[in-house]
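Me: Please take a close look at one helix pair in this protein. Which residues make the contact, and how do the helices pack?

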Amino acid sequence: MPLGDTTLALDALRREPAAAIYARAHGGTRAEHALFRTVLLPLLTDVADACGGFDWDDDSFDRAYANLEQSLFGKERSYAAVAPLIGLEAGGIVELDGGLRVRHAADGELAAHWPDAAKLAPQSFGREPDRMCVLELERSLPAAGVEPPDAPGEIADAVTALRLATAGPIAAGPVLFERLDWRPYGVRPVLPIAATQPPGAPVRLDSLRGEVARELRGRLVAADEDRELGEALDRWELSLFQELPFRGEQLRSALEALLGGAEGPWAAALRASVLLGENGRERAACLAALRRTGKDEDGGAADLVRRALVETISRGDRLQLIRELDESLLGVRAKPAGRVAHAIAS
């Protein structure tokens with residue numbers, strides 16, 4: 001396309017309100033560059049593919065331009081973000097909450113829209129058993145006046161839910177690939193804590209843990225309203241990347257924020273033991289492990305804190321759970337029935 005024609009096309013797109021969402025792609029770049037990358041180049045590519053050679057074909061252009069007009073002026077748009085996922089294997093599609101899913105990566109799906117995708121994907125992605133999946137976010141957007149979703153934040157929440165449900169060394173990214181109406185839209189970095197892989201052996205995402213992850217992903221929004229729960233999640237996730245004694249300190253702080261209330265770490269350990277132990281022997285073992293956290297090897301405390309987080313988040317009301325645990329300790333009521341903690345023990 002001659003430079004003059006390119007300038008005219010970009011001016012027309014810049015004046016078109018329906019193209020505003022494309023102009024916001026590729027954050028940090030000028031609108032002209034974003035429109036060129038997300039609208040003009042894909043249009044030319046579609047026409048060239050349809051022509052099948054160097055000879056211009058008006059019908060091929062008309063069909064490609066009709067698809068562009070449908071994307072610009074249709075009633076809704078189809079948005080998707082795809083991030084490479086490592087550290088786990090999955091037998092099939094695992095649906096999470098809010099349009100998120102784990103699925104196998106199709107051969108060449110990233111390179112089809114983003115030729116440089118192979119350079120941006122994790123090492124050995126698509127070749128190792130625990131590097132064959134992607135985390136995908138799909139949403140339908142009204143045609144006008146709607147910002148694209150916060151894909152990096154939603155992908156990070158999904159990674160946290162998967163780590164909680166599986167205890168696996170899961171990470172996504174380091175970048176996610178966005179498309180709008182099946183046109184390349186943008187490439188954005190995944191949040192660092194979600195993009196960094198913790199140490200550990202890969203895990204398999206089965207149907208049980210997939211269902212736990214789906215429920216957790218839907219309830220993680222509560223962390224935005226509950227400061228202590230958010231602090232507990234942050235501390236626990238940071239502990240995944242640390243060695244003793246720093247890991248132990250993070251785990252103690254996570255448990256205290258989760259269940260300590262005004263009474264502090266000793267109460268948090270006691271409440272967690274009642275929450276996770278099915279009988280007196282199990283509760284005593286839990287309490288002993290939690291009290292030793294950080295002094296030597298964690299003795300299973302890391303998994304106990306993870307399970308306490310899962311159990312608490314799955315119930316929804318953390319403060320009510322603390323009251324129920326205290327009443328159970330006093331013998332006023334029976335121990336709150338466990339939901340998923342034992343089922344996902346590592």
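Reply: Buried residues account for 48% of the 346 residues in this predicted model. The exposed surface comes to about 16,900 Å², with 53% of it supplied by carbon and sulfur atoms. The protein has 16 helices and nine strands. Of the contacts with a separation of 6 or more, 71% join residues 24 or more positions apart.

Now the pair itself. Helix α11 spans residues 227-239, and helix α12 spans residues 246-260. Their axes lie 8 Å apart, at an angle of about 160°. Angles over 145 degrees count as roughly antiparallel, so α11 is roughly antiparallel to α12. The crossing of α11 past α12 is left-handed.

From α11, the contact takes Glu228, Leu229, Glu231, Ala232, Arg235, Trp236, Leu238 and Ser239. From α12, it takes Arg247, Gln250, Leu251, Ser253, Ala254, Ala257 and Leu258. By class, eight of these residues are nonpolar, three are polar and four are charged.

For comparison, consider another pair. Helix α14 (residues 280-291) and helix α15 (residues 301-315) cross at roughly 110°, and their axes come within 9 Å. The range for roughly perpendicular is 65 to 115 degrees, so α14 is roughly perpendicular to α15. This crossing, too, is left-handed. Cys286, Ala289 and Leu290 of α14 meet Ala301, Leu304 and Val305 of α15. That contact has six nonpolar residues, no polar ones and no charged ones. The α11 contact with α12, in turn, includes four charged residues.

Terms used:
Residues numbered from 1 in each chain as written. Predicted model: local features only at pLDDT ≥ 70, side-chain atom pairs only at ≥ 80, totals over all residues. Heavy atoms only, no water. Axes fitted to C-alpha atoms, helices over the stretch in contact; angles between N-to-C directions. Helix = DSSP H or I, 4+ residues; strand = E, 2+ residues; numbered from the N terminus. Parallel < 35°, antiparallel > 145°, perpendicular 65-115°, else oblique. Left-handed = near helix turned anticlockwise from the far one by under 90°. Contact = heavy atoms within 4.5 Å. Nonpolar A, V, L, I, M, F, W, Y, C, P; charged D, E, K, R; others polar. Buried < 20%, exposed > 50% of the residue type's maximum accessible area, 1.4 Å probe, protein only. Areas by Shrake-Rupley, 256 points an atom, 1.4 Å probe, with all protein chains shown as cover.
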